[in-house]
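Colleague: Could you help me learn to read this model? I would like to start with the metals and then move on to the chains.

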Amino acid sequence: MTTSAEVLFALKVVYTIYAFAIMSLIGWFAYRVTKKPETYKTWLTPKVFYTYLGILVVVGVGIHILTYNKIPWVAWELKKHKIPADKEINITVKNHEFIFPEQTPINIKCGEVVKFNVVSEDLTYGFGLFRPDHSMVFQMQVVPGHNNELLWQFHEEGTFYVLSTEYSGPKGARMKVPEAFKVVGCNKQVSMEGRK
Amino acid sequence: MSIKDILINGNNGGLDHEGLSPLQKITLRFVVVGLIFYGVAAIEGMLMRGQEITPLPFIDDSHFFAIMTVHPIVGIFGSTYLLVFGAFLFLVPYLMKKPIFSIGLANFTWIIMSVGTVLVWLSGFVYHYAPLYTIYWPLPADFTQFSVVGAVMFVVGIAFIMIGTLAFIVNIYGTVFYTPKGQKKQPIKPLLMSAFGIDGFLNIVNKIRGKEPYVKEPPLSLPIVAIFRGTVDTFLDALVILGAGLLILFFIGNHVFQWGLHYHSVDALLYKNIFWWGLDLIADGLVLIYVAGTWYLLAMLITGRNLFMQNIARAALLLELIVSWAVWSHHLLSDQPQPEIMKLASGEMITAFELITQGLAFFITLTTLWLARPLKMTNELKFLLGGLLGFALAVPAGIIQADLGMNRILHNTQWVAGAHFHVAILVGLTMTLYSAIYILFPILTNNSVKLFSQRLANWHFWLHLLGGIGMGAFMGMAGIDGMLRRHVYTEGEFLGYMILAGICGAMILAAWFIFMFNIIATIGLKGLIGIFKPSQLKKDVIVPETAAAVQKG
Ligand code: HEM
Ligand SMILES: [Cu+2]
Ligand SMILES: [Cu+2]
């Protein structure tokens, strides 16, 4: 099962390649646009234009179809009302503090469907899990006055810490719960995001 | 001549401010003040960059986030809005060849917006009011963390800025529609058809049906159409921001006079939806539309030709306007109570249209330039290409994060702040504006000055471009590695990236100093001050006759 570490690594590779490609294109353009063309006949016809338009459409739609098929948590999100949870973890946030239902670290079994429900009693916060190498497992917003529910299935073993991923004033800028969750029973060690 | 001499008198005698028309002067005022606020924002940015590397002794958490709150306000409203408004208040009369609707109103606009920006800045500097520009409910009304006076100052400052914005809008629409004394009255209908791009659309339809074009020469030129269209979004978002200000003001009253209302009586999610609907009219609305319009104008001025595929461009501007009203959910993809259908339709699918409209503008502009080869690599062309590159980098980054799967691991990370919007603003938007400044400079100064140093202009270009892309790249990589954008890290978790981003930030700031030095050495401090003195010429002069003749001849 694809983990978020693998997706992040893929993003880094793909976007870096794109960035260098587009910078080279503009660089090449800047060089050539100052030169007198050999012929004024041009390949830049409306047909080329409409082909380009078509490519934009395909890319714009294709990216979401791609992620739907490759990233497992998109389907968890869209079907969250239908997937039964194996374990529910209810967390409250108030006064810039996370209140956990039991002693941390909370143990989670590999492959279990966990439903996180985080409720804020005052401000808007965020709820994000991070690996020991600081890369993100996932996050969501915690909007007050609503249930903020997220389904997740862990496929990597390790201990994860929690940060508030939304700003809740200067008092909330360091909100952290170290070693909040411990996932056990996977044959896969904690994924590294790719930098180590 | 000594450096001091040059700074005071300018290059070759500097700017002849006495020959400037009222309109030219006002435009230059907008530009000067906008450039100064840009510097303020850049210095604030650099303070934050420093703080992310090692905590600075004079900045604690509440001060740090106060800087983070005012930085975008000074940058976007104090700088970008002023630069854009100034340019458009000149361009609309200049391109339509009729006097501006009201000189007085234009003067009022830059003054009240500057005062508003300074008030917001003071609310941060003095009172550390720091709800960030996102003001997620109920944070702006959390008076256990913030002072009441700071909040009032912030709201009043924002209100001033929005009042100035409304004054600008009145002036633009006034100029497009009013009939100057002594001229024949223009019918409104074709103007409106043109303003909304309906004539361009009908032209395409007629072409497909094999008929004559609906209009051969639309009454409004393409840049005017873009300005008009973008101004619709500018208006709507000003209303939303004013509304948010009133709500905060109400809760300030509630707190001070104990009316007994709890802040939970406002639904945080509904508030967030309305807020992002309004704010996205800036980022994904007027910015994209104004920028596209400016690219088209620049491409036409640089090449002296008509735009490639101009009817498509007109229609695309209309599409962009409508799209901008319906994309806001891409800011709520990680908000779990937000309905899934909104996330999919507004957040993913309609947002994808922005790739199309922006991609078209990119292609049309480049092709127009390409068909006019060979071109000289002037400052305006250089900066225009920089601006195009900025959006070519930042728009795909935006499209990537506008995806349910990707947003789960990118939202509120440094990726959004770096790879996406700082590249969009610093490289895409700001370089486009520099290009416009360079091309308008001779027109605004009646060709009375010569740039002090082309070498310095090149330094400015390269430092800004590489600094901007570099900062975006290192922040972006830190974001991919998990670094949040509004969290205080204390254990050096991302130190390497932050040092690199800091170096790039310093390049951007240095670029601004170089540019300002070059400009002051060009027009001279005397000329600079002269801009703020009343003009000797008549109010309805756009560009003095003699100067206009020189430009043509
Ligand atoms: C095709 C164009 C664009 C697309 C598809 C796009 C998409 C997005 C998305 C999806 C986000 C949300 C990211 C998140 O918070 O998870 C975002 C955030 C942001 N965008 Fe854009 N964007 C575009 C253009 C622009 C432009 C031109 C600007 C600046 C002038 C801009 C400024 C911002 C800012 C400031 C944020 C951060 C908002 C916050 O504080 O949460 N965007 N954009
Ligand atoms: Cu910034
Ligand atoms: Cu947006």
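Colleague: How far apart are the iron atom of ligand 1 and the copper ion (ligand 3)?

Modeller: The two lie 4.2 Å apart. This is a predicted model, where local features need pLDDT of at least 70 and side-chain atom pairs pLDDT 80 or more, while totals for chains, interfaces and linings use all residues. Residues are numbered from 1 along each chain, chains are lettered from A and ligands numbered from 1 as written, and side-chain values use heavy atoms, without hydrogens and water.

Colleague: Which protein donor does the iron atom of ligand 1 have?

Modeller: Donors are N, O and S atoms within 2.8 Å of the metal (3.2 Å for Na, K and Ca); water is not among the atoms, so sites may look incomplete. Here the only protein donor is H420(B), through NE2 at 2.1 Å. H420(B) sits in helix α14 of chain B, helices being DSSP runs of H or I with at least four residues.

Colleague: How much area do chain B and chain A bury between them?

Modeller: The size of an interface is often given as the accessible area lost when the parts come together. The probe is 1.4 Å, and the loss is summed over both parts. For chain B and chain A that is about 7,400 Å², 69% of it on carbon and sulfur atoms. The contact (heavy atoms within 4.5 Å) takes 88 residues from chain B and 81 from chain A.

Colleague: How many salt bridges cross the interface of chain B and chain A?

Modeller: Look for a side-chain nitrogen of Lys or Arg within 4 Å of a carboxyl oxygen of Asp or Glu. The rule finds 6 here, including R486(B) with E166(A), 3.1 Å from N to O.

Methods: Buried area = accessible area lost by both parts, 1.4 Å probe. Helix = DSSP H or I, 4+ residues; strand = E, 2+ residues; numbered from the N terminus.
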